[in-house]
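Here is a short briefing on one protein model. Look at the sequence and the structure first, then read the points below.

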Amino acid sequence: MTVVSAVITKHCTAHASDSFLTMLKPDGHREIVEDQKPKIVPVKHWRGALTYWGLAQFGQSSTFDWLRLRAQLVSYPKG
């Protein structure tokens, strides 16, 4: 189960996420495999964050790690 919430005002933006990573068992039940890792990736250059849900890991590739690397590569907007 995933809950993602964002509050956006002229003064600030707040992100919140509560999520379990689960695995579907052959009998149809879901097993919680992770319940402590963050789902919010800060993007300092934007003074904001990215919140994700859905595919958290595929093989050895982690969505969190992928987003964190991309967030580090972000530059200030030109203009």
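A contact means heavy atoms within 4.5 Å. In this protein, residues 24 or more positions apart account for 25% of the contacts with a separation of 6 or more. The model is predicted: local features need pLDDT of at least 70, side-chain atom pairs count only at pLDDT 80 or more, and totals for chains, interfaces and linings use all residues. Residues are numbered from 1 along each chain as its sequence is written, and side-chain values use heavy atoms, with hydrogens and water left out.

**Confidence**
- pLDDT is the predictor's confidence in each residue, from 0 to 100.
- The protein has a mean pLDDT of 77, and 85% of its residues reach 70 or more.
- Among the elements, α1 has the highest mean pLDDT (85) and strand β1 (residues 2-8) the lowest (71).
- Where pLDDT is low, the predicted coordinates should not be read in detail.

**Overall fold**
- The protein has 8 strands and 1 helix. Both are DSSP runs numbered from the N terminus: helices are H or I with at least four residues, strands are E with at least two.
- Along the sequence the pattern is β-β-β-β-β-β-β-β-α.
- Of the 79 residues, 16% count as buried (buried is under 20% relative accessible area, exposed over 50%, partly exposed in between, with a 1.4 Å probe and protein chains only).

**The β3-β4 hairpin**
- Strands β3 (residues 21-24) and β4 (residues 30-34) run antiparallel and are joined by 4 bridges. Two strands pair if DSSP finds at least two bridges between them.
- The hairpin has 5 residues between its strands, and glycine 28 in the turn has a positive phi of about 95 degrees.
- Leucine 24 has arginine 30 in β4 as its bridge partner.
- Is arginine 30 buried or exposed? Arginine 30 counts as exposed because its relative accessibility is 55%.
- Beyond its neighbours within four places in sequence, arginine 30 contacts Thr22, Met23 and Leu24.

**The largest pocket**
- A pocket is an open set of points on a 1 Å grid over the protein atoms alone, where a 1.4 Å probe fits, with protein on both sides within 12 Å along at least five of seven lines; lining residues have an atom within 4 Å of a point.
- The largest pocket is lined by 16 residues, and Leu21, Lys37, Tyr52, Gln57 and Ser62 lie nearest its centre.
- β4 and α1 (63-73) are the elements that give two or more residues to this lining. α1 gives the most, with 3 residues.
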